[in-house]
Amino acid sequence: MSAAPADDPALLVDFYRTMLLVRRFEEKVGQMYGMGLIGGFCHLYIGQEAVVVGMDAAIRADDAVITSYRCHAHALVRGIPPAAIMAELTGRGTGVSKGKGGSMHMFDMERGFYGGHGIVGAQVPLGAGIAFAQKYQKRDNVTLIFFGEGAANQGQVYETFNMASLWKLPAIFVIENNQYAMGTAIRRAKAGTELCHRGEAFGIHGVQVDGMDVVAVHEASRDLVARVRDGEGPMLVEMQTYRYRGHSMSDPVKYRTRDEVQKVRERQDPIEQLRARLVESGTIDDAALKAIDRDVKKTVAEAAEHAQTSPEPDISELMTDVMVDADGGSA
Amino acid sequence: MVEMTVRQALRDAMAEEMRRDDRVLLIGEEVAEYQGAYKVSQGLLEEFGADRVIDTPITEHGFAGLAIGAAMAGLRPINEFMTFNFAMQAMDQIINSAAKTLYMSGGQVRCPIVLRGPNGAAARVAAQHSQDYASWFAHVPGLKVIAPWSATDAKGLLKAAVRDPNPVIFLENEILYGVSFDVGDEDVVLDIGKAAIERTGRDVTVVGYSITVSRALEAAGILAEEGVEAEVINLRTIRPLDIATIIDSIARTNRLVMVEEGWAFAGIGAEVIAAVCHGGFDHLDAPPARVSAADVPLPYAANLEEAALPRADQVVRAVREVCYV
Amino acid sequence: MPITVTMPQLSPTMEVGTLARWLVSEGDTVTSGDVLAEIETDKATMEVEAIDDGTVGRILVAEGTENVPVNQAIALILEEGEEALEEEPGSIEAVPLPSGPASGEADSEPEKAVVQDGPGKPASSGRKRAASPLARSMALKAGLSLDDVTGSGPGGRIIKRDIEKALKAGVPATSPAIASAWEEIRVTGMRRVIAERLQEAKQTIPHFYLSLDCDIDRLLEARREINAAGYRVSVNDFIIRALALALRDVPDANVQWGGDVIRRFAHVDLSVAVAVDGGLVTPVIRDAASRSLLDIATAMRDLADRARSGKLMPEEYQGGSFTLSNLGMYGIREFDAVINPPQAGILAVGAGYPRPVARDGALAVATLMSTTLSADHRVVDGATGAALLNAFRNFIESPTSLLL
């Protein structure tokens with residue numbers, strides 16, 4: 001493993017670029033949703049960028065990731081081309097799931113990205129199953145299982161903690177605590193709000209991390225990943241983060257004040273924090289930052305263009321992918 | 001010709017598939033050290049070890065989800081439910097994860113899993129432990145649903161299910177576990193989606209699956225003494241349904257009686273009859289009839305239980321009705 | 001106002017037509033000249049074209065409906081700006097003719113489209129007769145009116161046995177226009193195989209045919225002598241032997257098309273067609289060119305007997321290199337046979353008939369047997385086929401060569 005991230009300017013610049021890509025991408029998605037180009041449920045990741053960017057950089061390409069329906073950022077950071085994700089959002093045949101999944105169901109098996117799951121908490125046992133397969137096949141891989149603090153009240157999460165610990169599965173449970181389960185603030189739904197302790201009864205070590213600080217996220221993640229990869233069994237991390245937008249595009253956000261959101265934006269924004277740090281330390285100058293901004297904007301614009309001009313799935317796709325043919329399954 | 005019980009056939013099928021493919025594993029409650037709550041996994045722990053024969057905590061929602069995730073990641077789990085009544089705890093994972101993810105992912109995420117266990121009524125265990133779930137699962141695109149009757153069915157279809165690249169619901173029957181059958185070819189792997197004609201006859205087609213095939217055959221014996229020759233079809237697979245075999249039979253007999261252990265409403269019989277009315281309308285000389293469970297939760301008292309489940313004499317009555325005798 | 005498309009009168013005698021096929025669906029845009037539908041009359045299938053531009057608003061007569069009267073509305077076309085039509089049940093009825101008998105019947109019930117009473121009979125008033133679907137279709141096929149049948153099922157439902165009883169009692173068919181009754185015979189496995197293989201042969205093998213007559217007087221004489229000596233040899237046995245020797249001498253005809261290669265066989269394994277109950281089978285005389293006439297006669301008798309009693313083993317009827325089909329015993333003079341795939345040739349042999357022939361400039365009578373070779377042109381050319389037939393004739397016409 002390379003040097004600590006605080007000392008690795010290239011890595012920090014990369015974090016900046018990736019977080020910015022997620023931010024601009026999601027902003028574009030919000031805009032396109034407003035124009036009627038994207039349908040159904042659509043959950044944006046704006047504000048939480050540091051979590052997935054810092055964590056994904058701590059695992060290998062052959063490791064696995066599974067998450068909930070708020071999955072655009074996880075897909076982007078795993079390396080799925082932005083155009084394929086955007087085309088999925090507009091329901092086009094060139095989408096990453098051929099237009100059959102939409103916003104909540106991005107998958108890319110080649111990149112170990114297992115989705116994109118719409119039932120709150122269901123990805124947690126599935127993720128443990130992926131970790132089970134990694135261990136069964138004696139591979140030194142790990143699985144990152146992302147879920148929100150809302151899902152942390154689902155029974156199947158604790159059923160999974162029990163089995164994962166019992167069988168020492170190489171799983172990292174990531175609670176993305178963005179403070180609101182839809183409109184329910186954490187204090188209104190949780191008896192005991194320190195979610196990092198939720199695995200302790202099962203013998204699962206947990207840590208709490210400032211999920212708005214990408215460096216802190218990454219450092220904590222490297223440590224957890226290394227321990228899990230070494231066979232110590234599953235670990236849990238609570239990422240304290242915040243989402244700026246509503247739960248989904250149809251959320252009027254009546255459960256908190258504008259002022260609260262504004263304060264977080266001003267004081268804790270993950271991208272602004274890193275930008276200040278890079279500028280203060282002289283790692284990067286204004287011109288280079290502007291170049292990154294331009295670059296990211298161009299990527300997003302191209303993805304949006306692709307997503308609007310690509311054809312819808314052929315109608316013959318309606319009845320495909322329901323079953324695997326017998327001969328296709330012998331592998 | 002070898003005689004074996006359904007229990008033994010299931011066990012042998014699993015053992016053979018586990019020998020053939022080391023991605024195959026058995027996971028569920030009491031499958032390992034207890035040797036199976038119904039002794040179906042007897043000896044498997046000894047042969048394959050604790051890495052491949054895995055006792056779980058009592059946590060159906062969790063372990064079914066875990067097994068489904070493992071299948072997505074390339075393993076071929078056989079997930080045993082102690083009974084399918086407990087699979088209701090895992091219904092979300094079976095329907096929303098196992099059945100739908102292939103489609104939602106545009107064909108990327110496969111889920112080659114077998115979810116098996118006893119289904120339907122056992123004996124005197126009352127309503128929560130006695131239900132036929134065939135129509136629940138068969139409703140969903142993305143799942144295959146199998147309901148074996150004989151030892152040949154059990155062995156040949158379980159092997160086929162393990163080899164199938166899709167999620168397969170495998171509905172066994174506790175009462176049939178101890179029943180012995182002649183098994184013609186021990187190595188046979190049957191085709192999923194093919195019904196079997198267990199008895200030929202020219203006067204009426206009686207269709208059943210799982211234990212109701214026994215009821216249909218009993219009825220056919222009684223009817224033969226009255227000079228009515230019933231053809232008995234064992235569906236074997238509920239989905240995909242082999243409607244061609246049924247219609248082919250009705251083209252000769254012109255009459256249909258469907259026997260199922262589930263409730264009639266929105267049941268497998270309803271589906272079979274709809275398909276026959278569509279594809280074989282002009283063959284019908286009488287409205288198709290159904291024999292099914294009484295429309296109540298299954299009672300405990302012996303006489304009430306007997307009255308609630310489909311019986312051979314009801315099949316005989318239904319046959320007489322459709323034959324206008 | 002929507003434009004009404006009516007059943008056109010496509011011939012002077014046409015009164016009704018069958019709406020065979022719609023080529024447009026509701027909502028489709030059509031321009032003048034587009035083909036809307038295909039209509040079948042008793043004489044031909046004709047197309048109905050759009051004569052206006054617009055959108056197909058409603059299809060009023062379903063595909064497959066028979067006996068649609070001329071001038072009945074079959075579809076409505078909406079002109080530009082017209083809204084889609086509300087569903088109104090009364091709209092499916094005949095557009096009255098300016099004059100004529102149909103005008104008084106515009107109140108015909110919608111049920112009328114259901115073919116149950118046959119054409120030529122007025123729609124029965126009152127309730128439909130209860131009948132099982134099977135009984136209905138049996139009655140329709142037999143041209144039997146349900147009005148003439150008494151139902152014995154629940155509530156007077158007409159069921160299969162009632163139709164059978166009525167037919168046995170000879171209730172007159174009401175409509176000679178409907179085809180007479182038929183019975184359905186289940187296709188046997190053998191029949192299916194014959195059907196599939198011969199269809200494949202005729203569709204995929206480029207057949208060509210060569211014919212030649214053989215004088216068999218000397219052969220018949222030789223046979224008489226042999227049989228007088230206590231043996232049992234048939235004309236067919238001579239033919240088998242002659243064909244085997246001819247194929248031996250013209251090996252380029254003893255071949256098979258293999259796509260990238262041509263298989264030329266080392267031995268002549270001759271398939272001989274034998275009629276059996278319900279079809280035919282082709283037992284094989286293995287290495288026929290090296291077997292004597294008597295040997296062939298014995299083997300053939302055994303194979304034919306067992307073929308007729310269904311006791312042949314698969315290896316006894318599979319894998320021949322060439323086929324002989326002889327219908328001479330049925331008096332057939334000549335015929336063309338279909339090649340038995342994957343083989344490349346079959347010889348069709350007719351009966352010997354005394355026929356006039358010119359011999360040394362004078363008219364004489366000889367017993368001639370016509371033979372026709374069907375050959376696969378992918379592997380056998382005309383000259384090769386001709387060489388085979390000539391070799392065959394030489395053997396047939398000098399029968400002593402067959403005894404060697």
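Of the 404 residues in chain C, 29% are buried, meaning that 20 or more other C-beta atoms, placed from the backbone, lie within 10 Å of the residue's own. The model is predicted: local features need pLDDT of at least 70 and side-chain atom pairs count only at pLDDT 80 or more, while totals for chains, interfaces and linings use all residues. Residues are numbered from 1 along each chain as its sequence is written, with chains lettered from A and ligands numbered from 1 in the order in which they are written.

Chain C contains 9 helices and 18 strands. Both are DSSP runs numbered from the N terminus, helices being H or I of at least four residues and strands E of at least two. Among the contacts in chain C with a separation of 6 or more, 62% join residues 24 or more positions apart; a contact requires C-beta atoms, placed from the backbone, within 7 Å.

Chain C meets chain B through 8 residues on chain C and 8 residues on chain B. On the chain C side, helix 1 (residues 133-142) gives the largest share, 4 residues. That side has 4 nonpolar, 3 polar and 1 charged residues. Here Ala, Val, Leu, Ile, Met, Phe, Trp, Tyr, Cys and Pro count as nonpolar, Asp, Glu, Lys and Arg as charged, and the others, Gly among them, as polar.

Between chains B and A, 37 residues of chain B are in contact with 34 residues of chain A. On the chain B side, helix 3 (60-72), helix 4 (91-99) and helix 5 (101-104) each supply at least two residues. The largest share, 10 residues, belongs to helix 3 of chain B. By class, the side of chain B that touches chain A has 16 nonpolar, 17 polar and 4 charged residues.

Note on methods: A residue is buried if 20 or more other C-beta atoms lie within 10 Å of its own, exposed if 12 or fewer, and partly exposed in between; C-beta atoms are placed from the backbone. Two residues are in contact if their C-beta atoms, placed from the backbone, lie within 7 Å.
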